[in-house]
Amino acid sequence: MLSAAGVGGALGVVLVRDVFRAALLLVLVFMTVAGLFVLMSAEFLAVVQLLIYVGAVAILIVFAIMLTREVQQGNLPNRLQLPAVVLPALLLAALIYVALDTDWNQQPGLDVASTGQQQLIQERLDVRGLGWATEAVQSNTVGGLPADWEDGVGRHIQERIDENLAIAEEHRANLRTSEAIDYETDAQILQAELIFLEQGRLVARLHPAFAEEFMEATEPTPLSEDLISALNAPDSPVQDVVEIRPKVQEDRWWLVGSDGDLKYSVVPGEATGILSVDGQSVSVENFPVLNVFEGRYEGAEERTGIGDLLINDYVLPFEVAAVLLLATIIGALVITRDR
Amino acid sequence: MIQEAAVWAIFLLPLGSFVAIALVIRPFLNRFSGLAALTTITTIGASFALSLVALGSVIDNGEVLFAPHEWLSLGALQINLGIILDPLTSIMLVVVTGVSLMVQVYSLGYMRGDPGFARYYALMSLFTASMIGLVIASNVVQLYVFWELVGVCSYLLIGFWFTRPAAAAAAKKAFVVTRIGDLGFLIAILYLFFNTAAFAENGLNALEIADISAGVQLGLLGGTALTLMVMGIFAGAMGKSAQFPLHIWLPDAMEGPTPVSSLIHAATMVAAGVFLIARFFPVVEASVHAMQIIALVGAITAIFAATMGLVMNDIKRVLAYSTISQLGYMVAALGVGAYVPAIFHLFTHAFFKALLFMGAGSVNHASGTFDMRYMGGLRKYMPWTYMLVLIGSLSLAGIFPLSGFWSKDEILAHAWGGGSTVDTVVFWLLFAAVPMTAFYIFRMVFMTFHGEFRGGVEAEEQDAGIPSHQGEHKVHLAESPWVMVLPMGLLAVASVVAGGLVNPVVDILGIPAHWFADFLGGKSDIILSLAGLSLAVAVLGIGTAVFLFLVPNLLPGPLGAPFRLAHHLLSRKYYMDELLEGGVTRRGFYGVGGGSLDWMDRKIIDNFAETIGWSSMNFGRVVALLQTGQAQGYVLIVTLGAIVIGGVFFAFMWT
Amino acid sequence: MDLERLLILSAILFCIGLYGTMARRNAITVLMSLELMFNAVNVAMVAFAKYIVPTGVQDHLGRLLTGQMFVVFIITVAAAEIALGLAIVIALYRNRETVDITEASLMRR
């Protein structure tokens with residue numbers, strides 16, 4: 001809806017003959033853009049958009065139109081019609097191609113680690129006596145690496161593996177098919193669990209072999225239809241869940257998607273009250289593996305965030321913008337001065 | 001224990017004085033230029049006091065370590081700003097600030113009434129500050145910055161009276177010649193830059209001076225590369241410390257005001273070179289070949305300059321060659337591994353050479369000239385100056401028990417005890433320079449202070465054919481004002497006691513034997529028989545001077561015919577200036593290098609440039625057709641360009 | 001609301017604005033088209049900020065808002081631009097009694 005209104009309004013701006021109406025349509029476009037900002041949860045920007053564009057810019061334009069009314073012959077086209085249609089059309093084609101062709105789902109840095117990075121990871125692992133995990137690293141490659149990966153990758157891996165080893169030892173008995181998944185397979189679990197701190201959250205990718213074995217070895221906890229629908233409610237952070245299986249740890253659950261793959265790992269008992277499984281309160285611990293990163297990081301509040309950014313990271317551009325605005329005021333005054 | 005801030009203050013005080021004078025006093029308060037002198041003397045005085053505190057702190061606690069501050073960091077390369085406060089630095093600090101303080105006080109009298117009075121003090125402050133910065137620098141880059149600053153200041157001060165062509169030329173010469181040496185130093189630093197990674201692997205910073213020494217001990221640098229690097233460092237020292245063949249700038253540097261010469265020769269510019277080698281001594285020591293070269297260059301310089309000093313008629317030039325010669329001693333001493341004697345000689349030499357220069361300035365103040373042929377008999381008019389200069393001269397000549405005797409004989413003893421061929425050669429060269437030193441300095445004393453007064457600047461101008469102005473008295477034969485005599489007196493005291501008391505042979509007055517050497521962490525001794533011998537030849541030199549200049553007063557050509565050729569050769573400074581300027585610079589550099597460049601410039605570059613010009617002109621004509629003045633047309637073209645770029649990008653992506 | 005869809009919307013808006021900039025005689029319409037282009041870019045920026053997270057964000061959570069930050073600056077620049085542009089239009093009108101941009105060819109010599 002908004003998009004359609006926006007595009008229609010924009011076309012109107014450039015095609016309608018009456019300039020004043022064009023200006024009104026422009027206001028419409030501004031408002032649709034503000035609406036889009038709201039939808040993209042950029043409320044602050046939406047307000048700014050309304051204030052500056054609808055409030056100030058549009059008024060300015062209307063004033064300019066009024067002032068120059070006598071000479072308005074409407075919104076006439078010039079001699080450059082043909083190239084002016086062809087070139088934007090070409091550009092549009094190129095842009096749409098790029099938009100569709102680019103694999104946006106792969107977050108930047110989530111694609112396969114470069115050869116050099118892999119070599120480095122391998123070296124780090126070798127140094128720590130974790131050479132066996134190399135294959136997992138290469139096959140998983142766990143996507144992108146944290147910004148400090150050069151220093152941190154080995155440490156992350158080590159910490160994660162230590163943690164998982166302890167958990168695995170502790171909960172071995174709880175694993176119903178501990179015979180099937182022997183110690184060697186524990187290593188596989190660990191490989192599967194090579195989890196990197198990535199983009200503000202832990203992203204894990206399961207080793208396919210392990211996932212298969214796990215699926216064979218475990219049985220789903222029965223779920224009622226109500227629960228399934230509650231799980232997949234539109235505002236739920238998990239979607240497309242059809243069954244729940246116990247993980248190696250007692251306090252974790254795996255959620256299995258309709259394609260039969262493990263999709264989410266959740267922690268029951270954290271009283272955030274989003275979901276309820278068998279009367280238990282469940283919160284989502286990890287975000288979807290192999291899924292579009294949706295939603296924003298909890299730590300960043302938008303409004304305060306922008307303020308923080310302005311006075312911390314972007315002080316200089318902010319000042320430059322301020323000076324620019326000042327210069328603009330003076331410039332506009334000088335240009336329009338009555339001689 | 002001294003605070004780091006206090007050490008920085010030693011450096012920052014004179015710097016602040018420079019800033020205050022340059023930015024406040026000179027532009028706004030130039031009428032009260034006394035303020036400039038007051039500022040400089042106060043700040044340098046405070047620096048001197050702090051230097052003494054620093055020295056005391058080092059004496060009590062040994063080397064004081066300060067963590068360096070990170071200045072900038074580029075990958076593995078990290079450049080720090082820091083302070084080294086080891087015995088060497090603390091001694092240099094005291095020498096630099098002390099001599100500088102004396103010079104500033106002296107300048108009050110010498111420079112009085114000069115229109116550039118405030119500028120003079122500003123530059124002197126900066127000069128002192130840069131030398132202090134050089135001395136405390138813990139990092140090669142930091143050191144190099146101050147190294148060049150010292151060079152710039154000396155340029156500005158030598159050319160202080162820049163309206164005189166000779167002064168301007170001398171300043172340029174000093175700057176260019178020292179730059180030649182600096183290039184070597186720079187190359188050495190760049191070599192260190194290249195080795196940053198190797199140092200970093202061992203947890204060292206290739207640019208920290210202390211780490212460089214450690215790196216050499218670990219074997220990170222070695223062999224020919226080390227020798228070449230040391231030679232680069234030495235090239236820098238050669239330029240600054242006026243070692244053969246880069247010594248030619250120093251005599252010409254006499255064109256600057258005399259106190260400047262005093263400062264340059266005693267404490268700052270020329271000392272920087274010796275200091276540099278001393279600072280890198282652990283590195284230098286690791287290269288035997290470099291050490292040999294350094295020793296030989298120093299020894300050759302010592303004898304070479306001494307011979308030229310024999311015949312100069314300009315009092316300051318005599319002293320200049322004397323400085324070169326004495327620097328030769330120091331460098332040779334470093335070359336034979338006599339670290340402590342070299343620093344010791346630098347220490348004592350600073351006092352008596354500053355004293356001698358001040359004496360020359362004082363004499364000039366009275367007679368108006370620097371040419372000794374027009375002086376004479378000044379003893380009667382300036383008894384104090386005479387006395388003080390005599391002390392300085394005796395010290396320079398190495399007469400027991402003045403300071404020059406101790407330090408010089410330690411060098412000789414060390415060279416004698418070295419044993420290798422190079423050491424022996426160096427010893428004999430240095431030894432031969434001893435009587436010459438005594439001779440030329442007493443020739444200077446006798447020509448200046450004894451006999452009858454020969455007219456001063458007025459006679460000089462008459463001889464040169466310059467019409468003398470009526471009623472103008474440039475010669476006023478009288479003792480200099482007390483502000484000039486007092487610093488000379490203090491320096492004379494230092495010249496007398498600095499040698500025997502600072503590094504005595506036996507325990508004396510509660511000072512343990514070889515205190516200076518122990519403080520610096522080395523050893524030094526004199527061989528009594530050798531000292532006696534050198535004392536004897538020095539007295540012989542003085543005796544010759546007495547015989548030639550005092551008794552029969554044979555002037556100006558005292559030497560018989562057989563010596564005329566030698567005299568001519570020496571007074572033309574072995575034709576070194578002519579060789580370097582005419583042969584190397586003019587014919588080689590300008591002739592061959594410049595000629596070929598000129599050809600290239602005209603035939604290749606010009607044609608190339610003209611072709612470019614021609615083609616762009618015609619291209620411009622074509623493009624001008626697109627310039628319609630229609631903004632929308634431009635937008636169109638920009639869009640087209642964007643699409644073309646995108647298209648090219650896609651095309652490459654698909655292939 | 002997919003990233004792709006938003007990007008395509010942004011591209012469409014941009015190209016419409018581009019067309020308007022190139023093909024209209026009225027200077028005010030040209031300026032309005034420029035505003036369209038700015039808005040298109042803003043939409044794309046916010047969309048990227050929402051759907052794509054910069055690397056190294058765990059060190060600095062504020063970076064998540066970098067895209068929105070850009071938009072703030074773009075809005076600033078756009079406001080400045082429109083003010084100056086309209087001032088020029090007014091000046092043009094005053095001197096030449098026209099707002100036809102094709103007649104304003106002062107840039108040619």
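The largest nonpolar core in this predicted model has 212 residues. Those with the most contacts inside this core are Leu85(B), Val99(B) and Trp249(B). Its largest share comes from helix 16 of chain B, residues 339-367, which contributes 18 residues. Apart from this core lies another, of 74 residues, and its members include Ala42(A) and Leu45(A) as well as Leu13(C) and Val30(C). As general background, nonpolar side chains tend to be buried together in soluble globular proteins.

Let me take Val99(B) as an example. Leaving aside residues up to four places away in sequence, Val99(B) touches Val94(B), Leu263(B), Ala266(B), Ala267(B), Ala350(B), Phe351(B) and Ala354(B).

I turn now to the aromatic residues. Over all chains, a search of the whole structure finds 20 aromatic pairs. One of them joins Phe117(B) and Tyr121(B) in an edge-to-face arrangement, with 5.1 Å from centre to centre and 65 degrees between the planes. Both residues belong to helix 4 of chain B, residues 117-136, where they stand four residues apart, or about one turn of the helix.

Elsewhere in chain B, Lys408(B) lies over the face of Tyr329(B), at 5.4 Å from the ring centre.

My last topic is helix 5 of chain B, which covers residues 140-158. From first C-alpha to last, this helix of 19 residues reaches 26 Å, close to the 27 Å expected at 1.5 Å a residue. What caps the N-terminal end of helix 5? The cap is Asn139(B), which places a side-chain oxygen 2.8 Å from the backbone nitrogen of Val141(B). Why may helix 5 be called largely enclosed by the rest of the structure? Because 14 of its 19 residues are buried.

Key. Residues numbered from 1 in each chain as written. Chains lettered and ligands numbered in written order. Predicted model: local features only at pLDDT ≥ 70, side-chain atom pairs only at ≥ 80, totals over all residues. Heavy atoms only, no water. Helix = DSSP H or I, 4+ residues; strand = E, 2+ residues; numbered from the N terminus. Expected span 1.5 Å × (residues − 1). Buried < 20%, exposed > 50% of the residue type's maximum accessible area, 1.4 Å probe, protein only. Polar contact = N/O pair within 3.5 Å; in protein donor to acceptor, adjacent residues only side chain to side chain. Phe/Tyr/Trp six-rings, centres within 6.5 Å; stacked < 30°, edge-to-face > 60°. Lys NZ or Arg CZ within 6 Å of the ring centre and 35° of its normal. Core = buried A, V, L, I, M, F, W, Y, C linked by side-chain atoms within 4.5 Å. Contact = heavy atoms within 4.5 Å.
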